[in-house]
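Please look through the sequence and the 3D structure shown here before reading on. The notes that follow take up one topic at a time.

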Amino acid sequence: MIEFQAVTKRYPDGTVAVDSLDLTVEDGRITVFVGPSGCGKTTSLRMINRMIDPTSGTILLNGKDIRESDPPLLRRGIGYVIQHAGLFPHRTVLDNVATVPLLSGVDKRTARSRAAELMELVGLPSTMAKRYPAQLSGGQQQRVGVARALAADPPVLLMDEPFSAVDPIVRDDLQQQLLRLQSELDKTIVFVTHDIDEAIKLGDRVAVFRVGGRLAQYDSPSALLAKPADDFVSSFVGRDRGYRALGFLTATGIPVGEVATVRAGDAPERAREALVDGWAVVVDEQNRPLGWVSADLLSTMDKSVDTEALVSGGSLFEVDSSAGGTAGSLRNALDAALSSPAAVGIAVDGTGAVVGGVTADTVLSALADARSSGEVPG
Amino acid sequence: MDQGRPGGEGVNSAFNWLFDPDHWSGPTGFPARILEHLGYTGLSVLIAALIAVPVGAVIGHTGRGTFLVAGLSNGLRALPELGLLTLLVLLTYVGLLPVVVSLVVLALPPVLAGTYAGVRNVDRSVVDAARGMGMRGPSVLWRVELPNALPLIVGGIRSATLQVIATATIAAYVSLGGLGRFVIDGNNAGPGSPDGYPQMAAGAVAVAALALTVEGVLALAQRLVVSPGLRATNLVGKNT
């Protein structure tokens with residue numbers, strides 16, 4: 001547990017970076033510090049491993065005042081991941097990952113075998129061990145950065161905008177991986193970002209900072225979306241927070257209706273008979289969706305349903321048909337419906353096979369039910 | 001006597017002098033003079049590096065005393081070596097010490113500037129990560145900043161070495177050895193003598209050849225000591 005007690009950081013020029021911060025970071029959770037530039041989120045993070053010392057106030061790590069610890073020793077027990085990874089250019093990937101164990105006096109062989117395990121854990125092929133950082137992509141470098149921070153198996157991990165310098169697809173990948181790692185490792189993670197979407201995606205708890213280093217709200221992501229404390233938080237959380245809040249509601253029990261399907265390669269006349277409201281989903285041998293076909297489109301096909309000419313489908317809504325429940329959220333279901341050309345979202349099971357369709361209406365009535373049963377805060 | 005004349009014949013006579021087997025043996029032959037020359041150079045560059053690398057590294061690491069780097073480099077560069085040597089000889093005695101001091105003064109600025117810039121230019125996020133992982137100041141300098149500064153440090157040493165090889169000819173001016181001997185003796189022999197201009201020219205060619213050879217050796221040494229990770233231009237797959 002990390003406790004900030006009335007922590008203030010004031011610079012000699014009078015700038016207040018952090019103003020009387022009181023906050024408790026829970027063990028085994030991801031706590032995200034989010035806010036605009038100059039809100040003191042990074043300063044707060046860097047005070048935890050004494051890269052910056054507070055002007056006043058106390059920070060306790062597992063009940064112990066961190067000022068009593070020698071900074072280098074304190075830092076060896078806290079993983080540290082920064083924006084551009086900060087890998088050592090002159091060392092191989094493997095030796096980068098082995099840095100902290102080597103510093104702590106572990107022998108070279110043990111440190112390297114530990115480093116190799118971590119590379120595997122973060123999804124880096126062992127063929128990269130002998131490469132140098134300059135030979136890696138930004139995303140790969142950041143994976144090495146995470147592996148390096150985890151090498152000494154510290155209970156606490158500090159991550160300062162680790163994914164903000166990589167492109168969106170890679171970022172999504174890294175975020176998923178962090179969540180997967182966390183489900184296995186149960187670290188106490190403090191994560192700084194300026195991206196509210198990232199905060200909501202990753203955080204068990206999110207601390208929103210405002211300029212001047214004041215804590216505006218400290219809550220779970222769903223509560224932050226449903227009940228922003230004030231105008232600053234609601235504007236920071238963003239315009240479509242109502243829509244994004246649907247992501248926290250599971251779509252359990254929403255009715256999945258019939259959906260018209262035709263098999264790729266069927267004769268156009270047969271396909272025409274199957275259309276519902278002028279549309280049908282084209283599926284492959286395993287019943288997986290390939291796209292949509294309409295009456296207009298069918299009239300351009302002579303012999304069979306041509307998979308090259310299909311209208312691409314929207315997002316897929318995954319239900320877990322074996323358990324009778326759902327794996328997706330209301331947001332997934334609604335997005336599937338809204339992004340489909342036929343206004344019917346394709347519901348698929350775990351194998352990707354089409355099991356039915358959902359409409360926006362069913363999602364909205366499920367939302368109304370959740371609201372009346374008090375499942376939605378506010 | 002034709003040998004003193006400029007033109008094609010003069011060049012020929014210089015090379016004849018240079019490759020004359022009589023000039024390649026004994027204590028006054030080229031091998032002995034080359035060794036003396038390398039001795040002055042090696043000693044001066046070594047002393048300069050022992051002073052400038054630690055000073056440049058500490059200034060670069062702490063960021064304190066930056067003004068010293070610019071001031072010293074420019075100030076020392078402005079000194080004329082021959083004048084300095086004459087002054088030192090007048091103040092002390094004729095011998096190795098004033099020669100080496102003059103050459104050290106020449107070698108200091110490039111090594112100091114290279115080391116300082118090398119350490120200072122290490123990516124700040126790399127230094128931040130090193131500290132954040134629990135390295136103490138000396139470790140950060142020794143294990144992170146210096147290895148990454150090596151290309152510029154070695155660059156400074158190479159540049160200093162070239163300048164010192166060229167300038168070490170002044171040792172002969174105060175009756176010491178080295179390749180400068182041929183230049184000074186040739187000058188003293190006068191234009192008409194077979195050991196005159198041809199000898200001077202042969203000495204100059206030998207200095208240039210020595211400088212190029214040493215430069216090649218140092219370039220190889222740089223490849224050996226600098227981490228392959230820092231030769232980013234030779235690396236592939238940088239942005240995927």
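**Briefing on chains A and B**

For chain A, an unreviewed UniProt entry lists "domain: ABC transporter" at residues 2–237. Over residues 2–237, chain A is 38% helix and 25% strand, with the end C-alpha atoms 25 Å apart. Please keep in mind throughout that this is a predicted model.

**The sheet of chain A**

- In chain A, 6 strands form an open sheet, and they follow the order E6-E7-E8-E3-E9-E10 with mixed pairing.
- Strand E6 (78–81) and strand E10 (214–219) of chain A stand at the edges, and because each has a single partner strand, one side of each is left without a neighbour in the sheet.
- From one strand to the next, the twist of this sheet averages 15 degrees.
- Strands of a sheet in general pair through backbone hydrogen bonds, and the pairing is either parallel or antiparallel.
- In which sense do strand E7 and strand E8 of chain A pair? Strand E7 (residues 156–160) and strand E8 (residues 188–193) of chain A pair in the parallel sense, over 5 bridges.
- Within this part of the sheet, Val156(A) stands opposite Thr188(A), a residue in E8(A).
- Helix H6 (residues 138–150) of chain A packs on the sheet, where H6 touches E6 and E7 of chain A, and the direction of this helix makes about 165 degrees with that of E6(A).

**Chain B**

- For chain B, the UniProt annotation "domain: ABC transmembrane type-1", taken from an unreviewed entry, covers residues 34–218.
- Over residues 34–218, chain B is 81% helix and 0% strand, and the end C-alpha atoms of this stretch are 17 Å apart.
- The secondary structure of chain B comes to 9 helices and 0 strands, and when read along the sequence chain B follows the pattern α-α-α-α-α-α-α-α-α.
- The C-alpha trace of chain B spans about 75 × 50 × 30 Å along its principal axes.
- Of the 240 residues of chain B, 42% count as buried.
- Among the contacts in chain B with a separation of 6 or more, 72% are accounted for by residues 24 or more positions apart.

**Where the two chains meet**

- Contacts between the chains involve 23 residues of chain A and 24 residues of chain B.
- On the side of chain A that touches chain B, the elements giving two or more residues are helix H2 (71–76) and helix H4 (99–103) of chain A, and H2(A) gives the most, with 4 residues.
- By residue type, this side of chain A divides into 12 nonpolar, 8 polar and 3 charged residues.

Conventions
Residues are numbered from 1 along each chain as its sequence is written. Chains are lettered from A and ligands numbered from 1 in the order in which they are written. This is a predicted model: local features need pLDDT of at least 70, side-chain atom pairs count only at pLDDT 80 or more; totals for chains, interfaces and linings use all residues. Two residues are in contact if their C-beta atoms, placed from the backbone, lie within 7 Å. Ala, Val, Leu, Ile, Met, Phe, Trp, Tyr, Cys and Pro count as nonpolar, Asp, Glu, Lys and Arg as charged, and the others, Gly among them, as polar. UniProt positions are given in the numbering used here, feature names are shortened, and annotations may be inferred rather than shown by experiment. Two strands pair if DSSP finds at least two bridges between them. Axes are lines fitted to C-alpha atoms, for helices over the stretch in contact, and angles run from 0 to 180 degrees between N-to-C directions. A residue is buried if 20 or more other C-beta atoms lie within 10 Å of its own, exposed if 12 or fewer, and partly exposed in between; C-beta atoms are placed from the backbone.
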